[in-house]
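Colleague: I would like a close look at a single part of this model. Please take the sheet, and then place it in its surroundings.

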Number of protein chains: 2
Amino acid sequence: MSSAPGYAALCRAYTRLYRYQHLASIVGWDRNAMMPPKGNEARAAAEAELNALMHRTRTDPRLAEWLRTAENEPLDDIERANLREMRRDWREANALPERLVEAKTLAGAKCEHAWRTQRPANDWRGFLENFREVVRLAREEGQFLADDSGLSRYDALMDRYEPGVRAADVERIFEGVRQWLPALIARVQAKQRDEKVIAPAGPFPLASQRALNLAVMKLLGFDFEGGRLDESVHPFSGGVPEDVRLTTRYHEDDFLHSLMGTIHETGHARFEQNLPRVWLGQPIGVARSYGIHESQSLSFEMQLARSRGFVGLLAPLLAAHFGAQPAFAADNLQRLLTRVRPGLIRVNADEVTYPAHVILRFEIERALIEGAIEAEDIPALWDEKMQNLLGLDTHGNYKDGCMQDAHWTDGAFGYFPSYTLGAMYAAQWFAAMRRAVPDLDARIAAGDFAPMFEWLGANIWSQASRWETPELVRRASGEALNPAHFRVHLEARYLD
Amino acid sequence: MSSAPGYAALCRAYTRLYRYQHLASIVGWDRNAMMPPKGNEARAAAEAELNALMHRTRTDPRLAEWLRTAENEPLDDIERANLREMRRDWREANALPERLVEAKTLAGAKCEHAWRTQRPANDWRGFLENFREVVRLAREEGQFLADDSGLSRYDALMDRYEPGVRAADVERIFEGVRQWLPALIARVQAKQRDEKVIAPAGPFPLASQRALNLAVMKLLGFDFEGGRLDESVHPFSGGVPEDVRLTTRYHEDDFLHSLMGTIHETGHARFEQNLPRVWLGQPIGVARSYGIHESQSLSFEMQLARSRGFVGLLAPLLAAHFGAQPAFAADNLQRLLTRVRPGLIRVNADEVTYPAHVILRFEIERALIEGAIEAEDIPALWDEKMQNLLGLDTHGNYKDGCMQDAHWTDGAFGYFPSYTLGAMYAAQWFAAMRRAVPDLDARIAAGDFAPMFEWLGANIWSQASRWETPELVRRASGEALNPAHFRVHLEARYLD
């Protein structure tokens, strides 16, 4: 290391940042899963202080110097990839002034906290008061990033979640989806019209739901020595790779919501829990982009958990936890889990209508950030697009409309496209897996997930940030992102 | 504030420290109450990084300059008291080099983590391997503080928990206690020998115990909007004043352990929850010394909760949570809660034998820190002192002997005396309260805790660190610490 003093100094700085990030992750999880309401103000101040500290660390002028020095040092391939990720992180952080980072954290926390009561109260006016400031700061943030990168404001924000993917790419892909999605939804609905589906009869005691979720997490390989499952209003996967914190929420009359959510978060968790330990603490050790992360949660929730083979394994588990009932027959359960019904809530959407929710949000937030619309304009646009895309009326229903997601309240504009990119990647992974393991579905049906976990482990989890996204996709699946796999998957599952 | 730039700069620095301390408290609570085992290593590194950061902040050379400047600025009484506490904090922090602070955190976390499995396994040898390093670093710490203050090593460590109280004072007080305690224990045991006490018949379902604890916390005024109750191996009161985190632990065959522990922690919690909001973030807003803190937990657990009046209120609550049984009759319950039995475990000790546990620890840790003995010598000394003080044999039983407390594993030497000082203060508060409110006990028996809470609120909670301990005691009770109140209390409760 003595021949690479610049790189060594960078590694030390990033180790320190990793530890600060650990603190931020744990107190952030706590705020969402544990904190009582009166803790909010002091917590927001403490988190803002920590964010400011991390920002100062990432904008320390010595980093620029070390980055320059390291460029000419003798580094191996891994070190060079790590340096590339350091440079990406540095570029992102140094485009923003500290006062903006702090103001954004405070405004996001304030908006998000009030949103927890405003959403159930359908209080759009009250929400708007805080939200305007979140939008103002997000635009300012986008402008800073844009000035630095030469991208548009929205491209610059999205680049942080999906490096290298541009709004024009997403627009092109989503235009492609628009060509066939409405017709597919109609055909699936026609096919399902005469299907008999028996609804599970509740109530489903919360303790049994929790036990079922834990059993399924275990089945899916979640390591409970390195993580936990708790409850929060908006479920998420938090914590750190060494200690992954999943959350879910329970409704006594519906166990599927929490079960499928938990399976989704378990996909995120397995990625984190299987990142190479030797790289942890360095930027190369971080999970690749949000879209790739979402491809893991959707590989679990959509590709695996709604497959006929997995449903056959799930059926007896349901009977064991809630008592036997006709709805738990595997065929019925499969129909239940693949029922396509346009609905208001994104997180409850089936995988066929889900892209419509994302397309709507992408169009609105892109216009909002680029300044083509204002926050006040969102409800009317939302109503119009929900009508056009899914034929649903959301007029005056803010809580199940534009107030339903936590992303905007936190100012995380540019994230939504990752969900649908993730769904497309996931379909591409399973297509590649089936080429490599022709009897994949039979083995899943027999309870043998080893081929799936091994493929994901070798091609995705163990790669962390070793490659940029396009290279990761090519190495894993032998081709660039190809939305055709997603379409083929939907047609095979919903029309055959 | 423009006429006091030094003081204003200090206030800003201490606000920042308060926010860092918030992060430290929450992740510390998490480590004890929530964290799965594989999170330990990364957590220890993150906490050490944060401790180092706080240490750097407290040793920033500008603080010394601002302290000097502020000394000559026009400050009011409150600001001057705040400045006095800043100076105390600064002096303590600046005596220690950063590498020692970091090493101590790491060694303490390592020792404490291993202790969780070593204690149940009675593995003194294994424990000793980590513990030697904890002792070595605590001595080094004591030496630094001693060099700075001119105190002895142990005095210097103890001063951080009980400012102004010296080992010689404690020795004198404890020598006084030794004069009458053994005889008192013997007389109480003789008196109780023929008492019939019906033991509660378990099991007591954990969910009912938890519900009972929550009900009693509510009765005692705990604010659940600003705090929570969870579980941990070693119960504690953590979090921050705005968000107090209590923990307890449950045993299905014994609800009293958890109930009385929860009442104890609720006493700590009410102090924190009622610190003046306007001072929070500044050193003056911190709860006065550990002994004063302990006087609150013991006011709740000992003075109040074992009084005949309170037991009369508790009896129907027990029946409501566990079903009626003869043991829950108030008279029987009262005998149960005031039963005096020398035992091995400090946290289970009754209030009459408790001082013996503290005297033993004080003598051992003082000798250990001053270098008169080594860690290896502890078990033999423990055996000898337990035999002399309480007539109990601990030979070879490390887990219920010298390995029972978390204090030493963490390197918190000098803390133990605070427990018995706290018991003495608590007796003094109640003597003062009864002078001020002659029908105090009748009002408690009627479920009216207002006089008690108002007295503690006005005299202790609202004072935070406004006064140094001796002045606080004098203002609250009209006299200096007077152990006679403790003796009178024990004789009245246990011999009348």
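What follows is a walk through the sheet, then its setting.

Modeller: Keep in mind that this is a predicted model. Start with chain A. Three strands make up its sheet, which is open and ordered 1-3-2, with mixed pairing. Neighbouring strands are turned by 20° against each other on average, with direction ignored.

Now the pairings. Strand 1 and strand 3 (residues 243–248) of chain A run parallel and are joined by 5 bridges.

A hairpin of 2 residues links strand 2 of chain B to strand 3 of chain B. V240(B) has D243(B) as its bridge partner in strand 3 of chain B. Strand 2 of chain B is covered on both faces. S237(B) and G239(B) are buried on one side, and G238(B) and V240(B) are buried on the other.

Next, the contact between chains. Chain A puts 28 residues in contact with 28 residues of chain B. Helix 1 of chain A gives the most, with 8 residues. By class, the side of chain A that touches chain B has 14 nonpolar, 4 polar and 10 charged residues.

Step back to the whole chain. Chain A has 21 helices and 3 strands. Its C-alpha atoms fill a box of roughly 65 × 50 × 45 Å along the principal axes. The radius of gyration of chain A is 23 Å, which agrees with the value near 23 Å for a compact globule of 496 residues. Of those residues, 46% count as buried. Among contacts in chain A between residues at least 6 apart in sequence, 74% join residues at least 24 apart.

One helix shows the burial well. Helix 14 (residues 354–370) of chain A has 17 residues and reaches 24 Å from first C-alpha to last, close to the 24 Å expected. Of its 17 residues, 13 are buried, so helix 14 of chain A is mostly covered. Just after helix 14 of chain A, G371(A) takes a positive phi of about 90°.

Finally, two loop features. The peptide bond between G202(A) and P203(A) is cis, with omega about 0°. P203(A) sits in the loop between helix 8 (167–192) and helix 9 (206–219) of chain A. In chain B, the bond from G202(B) to P203(B) is also cis, with omega near -5°. N122(A) has a positive phi near 60°, and this residue is not glycine. The place of N122(A) is the loop between helix 5 (98–118) and helix 6 (124–149) of chain A. N122(A) has 16 other C-beta atoms within 10 Å; buried needs 20 or more and exposed 12 or fewer, so N122(A) is partly exposed.

Notes. Residues numbered from 1 in each chain as written. Chains lettered and ligands numbered in written order. Predicted model: local features only at pLDDT ≥ 70, side-chain atom pairs only at ≥ 80, totals over all residues. Helix = DSSP H or I, 4+ residues; strand = E, 2+ residues; numbered from the N terminus. Rg over C-alpha atoms; globule rule 2.2 N^0.38 Å. Contact = placed C-beta atoms within 7 Å. Nonpolar A, V, L, I, M, F, W, Y, C, P; charged D, E, K, R; others polar. Pairing = 2+ DSSP bridges. Axes fitted to C-alpha atoms, helices over the stretch in contact; angles between N-to-C directions. Expected span 1.5 Å × (residues − 1).
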